[in-house]
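The questions below ask how some structural labels follow from their cut-offs. Each answer sets a value beside its definition.

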Amino acid sequence: MAMELMKMPQLGESVTEGTISKWLVKPGDHVTKYDPLAEVMTDKVNAEVPSSFTGIIKELKADENQTLAVGEVICSIEVETAKTDNENAVQVSNEEKVDAPVIRDVQQAAEPSRKARYSPAVLKLSQEHGIDLSKVKGTGNEGRITRKDLLKLVESGNLPKADEPSAISDAAPEEIAPQVNRQTSPVTNVPTAAGDKEIPVTGIRKAIASNMLKSKHEIPHAWTMVEVDASNMVKLRDNLKSDFKQKEGYNLTYFAFFVKAVAQALTEFPELNSMWAGEKIVQKKEINISIAVATEDALFVPVIKNADEKSIKGIAREIQELASKVKSGKLKAEDMQGGTFTVNNTGSFGSVQSMGIINYPQAAILQVETIVKRPVVINDMIAVRDMVNLCLSLDHRVLDGLVCGRFLARVKEIIEKISKDNTPIY
């Protein structure tokens, strides 16, 4: 027998952790390769984690609703091997391979050149129990502190506090302290009274909160808005919607027109289709539009790939298909990956003005507000028009007001010039 370890996979770009929402196996179960082991939630997707081995589930390393960093062990699987000398040698080699990195990593943790990095799960535990991470020796890869390291300390009751002398860590404090000071913060203690309702925070809500906090902490947000006369678009769509639904089987929405207009404008202003990467700005070639789809208790951001190459009909179909996947729980990791710019349909909730939080690590997000009839002045005369606000949040490290103003003006122009003659649906 050989013991293999299944680890938390990375289920999307910039994903650093996942939450076990439901185990699909239990110790003693026999699984074959690719059988689903657990349902995992992140801030980007719900997905099943398949087994990489055939064998017997030996131990589940995490409870349901427990959050683990990418790379942490979620379960162990006992794999049957033939008892030939050669295969026994391979088995011994595999067993050594599981244990050896722990020994090497503990030795490496003391090297002065190692920089401390902590997963969100480790930071959360350290904050909850007041643990000074600079005084903890990690047993993870490259000496990193793991969630298990902290749980062992909690169980032992020997928690290194900030005001205690270091008796645990050999790492240089000047290398670790800046990371601790930047990341840790006190746990909020909210008083409760009779009649208050305490609602446990689900794994996906924790993941969303973590991603939003990262976006607001790291990205210097700026905001701008334009007012658009969407009357021609409303007229065209309303004239086509019944025949379109009968012919295609899904709705022709206003939102599809806005996504198409944004994709077209991004081809002309590629600066908006960029990401901050520390020492450089990465301007993405593909125009992949992330769209926000809400459920009763969560928000997902699937992606319309190569939106600039699709017709309004094609975009409408993808919006419908992605929304259906979200609501049926069938959204896959690949449906969430590769987004370069986000368009959010806040108008579906009746919003008329809002400032979106940028979908990290993108550089901008556009909020499409609700279309409302308002009196406006045209040629010195008052007319009732279908007006909509487009609100843009931007990463001021990547983008400046000039290019963003021009981009929004171009989106406005495209929407206002929509007509039966110059706007193909197919």
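Q: What makes the largest nonpolar core a core, and which of its residues touch the most other members?
A: A nonpolar core is a set of buried Ala, Val, Leu, Ile, Met, Phe, Trp, Tyr and Cys residues joined through side-chain atoms within 4.5 Å, where buried means under 20% relative accessible area, exposed over 50% and partly exposed in between, with a 1.4 Å probe and protein chains only. The largest such set has 61 residues, of which L272, I289, F341, L390, L392 and F407 touch the most other members. Helix α7 (residues 254-268) gives the most to this core, with 10 residues; helices (H or I, at least four residues) and strands (E, at least two) are DSSP runs, numbered from the N terminus. A separate, second core of 19 residues includes I20, L37, L68 and I77.
The model is predicted, with local features needing pLDDT of at least 70 and side-chain atom pairs counting only at pLDDT 80 or more, while totals for chains, interfaces and linings use all residues. Residues are numbered from 1 along each chain as its sequence is written, and side-chain values use heavy atoms, with hydrogens and water left out.

Q: Which residues does L272 touch, not counting residues up to four places away in sequence?
A: Contact means heavy atoms within 4.5 Å, and with that exclusion L272 touches L266, T340, F341, A363, A364, L392, L399, V403, C404 and F407.

Q: Why does Q264 count as partly exposed?
A: The relative accessibility of Q264 is 31%, so the residue counts as partly exposed, between the two cut-offs for buried and exposed. Q264 lies in helix α7, and, leaving aside neighbours within four places in sequence, is in contact with R410 and I414. From Q264 to V411 the C-alpha separation is 8.1 Å in space, although the two are 147 residues apart in sequence.

Q: What makes a residue part of the lining of the second largest pocket, and how do the lining residues divide?
A: On a 1 Å grid over the protein atoms alone, a pocket is an open set of points where a 1.4 Å probe fits, with protein on both sides within 12 Å along at least five of seven lines, and lining residues have an atom within 4 Å of a point. Of the 32 residues that meet this condition for the second largest pocket, the closest to its centre are I291, A292, V293, A294 and N344. Helix α8 gives the most to this lining, with 5 residues. The lining divides into 17 nonpolar, 11 polar and 4 charged residues, where Ala, Val, Leu, Ile, Met, Phe, Trp, Tyr, Cys and Pro count as nonpolar, Asp, Glu, Lys and Arg as charged, and the others, Gly among them, as polar.
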